[in-house]
Amino acid sequence: MTLARFVDPLPIPPLAQPVGERTHAAYPGRRLPYYRMEMRAFRTPLHRDLPPTPQWGYQGMSPGPTLQAQRGEPLLVEWINALPQEHFLPIDHSIHGAEREKPAVRTVAHVHGARVPADSDGYPEDWFTPGHSALYHYPNGQDAATLWYHDHAMGITRLNLYAGLFGAYVMRDPHEQALGLPDGDCDLPLALCDRLVGKDGKLYYPVSDDPEAPWVSECNGNAILCNGKLFPYLEVEPRRYRLRLMNVANTRFFNLTLSNGQPLVQVASDQGLLAAPLPRKQVTLYPAERADVVVDFAGLDGKDIELRQQGDAILQFRVRDRGRRDTAAMPTALNTIERTPPATAVRDRVLTLGEMDDAGGRPTMMMLGGKHWSAPITEDPRQDSVEIWSLVNLTGDVHPVHLHLVRFQVLERRPFDLFAWNATRTLKYTGPAQPPPPEEMGWKDTVRADPGMVTRIITRFEGEPGRYVWHCHLLEHEDNEMMRPFLLRARA
Ligand SMILES: [Cu+2]
């Protein structure tokens, strides 16, 4: 299927607007902005020349409206499930949590990267069905960062996101606002994902050859969508823009470049500002990772520039002078990031990333620490304690590992002997530790665990005690056992 390029304008999700103010028991004496986010079925074309695509989205759009938060100003969101009773994508009832007796359409919203009390974090088993809702509160006590919200329902998260249930959650703070980075209509979220799209415009989700167990271990599409469109264009002015690149895909990773060879100047990673602007020829993002980049279109009036994924166009920028000028300069320093000393860790947890295969070598499920989701909790850090998690990847694939609640730093990656591990469960390193590259020297919430490597991260478990989760953010893996609860225990 050949489609004309750059015939649809890039959709910019509207900012979510509160519908009123409400009190909440967690914030006595305060009135908080109250948002309603209704999940609805809708149809919209992914491209001018395709029939409308049935999708699901918050407020009937995908990406959903952008939630904008200011540090220290809590907000309330009522997440409302107004979806149909039947799912339009293939549920695998053999997967834990998606059994045949469970309702087909279940949703629970999670804000990825937000430090939120457990009752508002969107625990995967806290799902609710059409006609129901959940009121969540977000304290917003954290640094400015590009977060995102998405569904997290047990066993069908991959299908609910694929259907379109995601959006941006932009956290702002005074420190960042004083830096003079591009803002307003020059600050744009770009949600990137791939989909398998038919000529009929419909979304197809790949299935195995077993109708009783249709789950597949990865999902790769034939179309790359940027804010829900295929090959969109965006008219920009010859000035600086902040692009909040978000990988919201199920499986695909992105290697992003600009067609004119200009650098993408990265200013932030998952959890906010880097120490200093970092010019990059190419930005790689695994599922759920974000990179905020500043692109300067000054001097390019009249030119067309493409944002590309491994050489293929995703989005075209048309630089057209409208007379506005951008006088602010890029700051040389952005943030102070103190490295957490490994010696402050009270514990180093060795946690495997593993894959179970059938007799034919096909993966049947993925596991963390060799345990199923339903096994008793083993990761139980104390509130405010520092821990190192050593992620031992026993598989041949990259797994982007995400911890809810916390931000962390990447310490190192180090090659190890897989055969020695399998024989005696001992870590025998086969080479020196590799320090993280500059783009991983900021705060992260999702880390690439490379095959053949022990990836070590360090975090202070700040937040409210309670039950949260950590998981692989390849959604096919997450849905099929590559997710574990963790318990944040109250400080002693
Ligand atoms: Cu995985």
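Visitor: Which residues does Glu439 touch, not counting residues up to four places away in sequence?

Guide: Glu439 touches Gln266, Ser269, Leu274, Leu278 and Arg280, where contact means heavy atoms within 4.5 Å. The model is a predicted one: local features need pLDDT of at least 70, side-chain atom pairs count only at pLDDT 80 or more, and totals for chains, interfaces and linings use all residues. Residues are numbered from 1 along each chain as its sequence is written, and side-chain values use heavy atoms, with hydrogens and water left out.

Visitor: What makes the side chains of Glu439 and Arg280 a polar contact?

Guide: A polar contact is a pair of N or O atoms within 3.5 Å; within protein, one must be able to donate a hydrogen and the other to accept it, and residues adjacent in sequence count only if both atoms are side-chain atoms. For Glu439 and Arg280 the value is 3.1 Å, and the pair counts as a polar contact.

Visitor: Why is the pair of Tyr58 and Tyr149 called edge-to-face?

Guide: Rings of Phe, Tyr and Trp (its six-membered ring) pair if their centres lie within 6.5 Å; planes under 30 degrees apart count as stacked, over 60 as edge-to-face and the rest as tilted. The centres of Tyr58 and Tyr149 are 4.9 Å apart and the planes are at 80°, so the pair is edge-to-face. Tyr58 is in strand 4 (residues 53–58) and Tyr149 in strand 9 (residues 145–151), so the pair ties together parts 91 residues apart in sequence. Strands here are DSSP runs (E, at least two residues), numbered from the N terminus.

Visitor: Is Tyr58 buried or exposed?

Guide: Buried means under 20% relative accessible area, exposed over 50%, and partly exposed in between (1.4 Å probe, protein chains only). Tyr58 has 0% relative accessibility, so Tyr58 counts as buried. Tyr149 is also at 0% and therefore buried.

Visitor: Why is the pair of Tyr123 and Trp373 called tilted?

Guide: The ring centres of Tyr123 and Trp373 are 5.6 Å apart and the planes are at 40°, so the pair is tilted. Both Tyr123 and Trp373 are buried.

Visitor: What coordinates the copper ion?

Guide: His399 (ND1), Cys472 (SG) and His477 (ND1) coordinate the copper ion at 2.0 to 2.1 Å. Donors are N, O and S atoms within 2.8 Å of the metal (3.2 Å for Na, K and Ca); water is not among the atoms, so sites may look incomplete. Along the chain, the donors follow the spacing H-x72-C-x4-H.

Key: Helix = DSSP H or I, 4+ residues; strand = E, 2+ residues; numbered from the N terminus.
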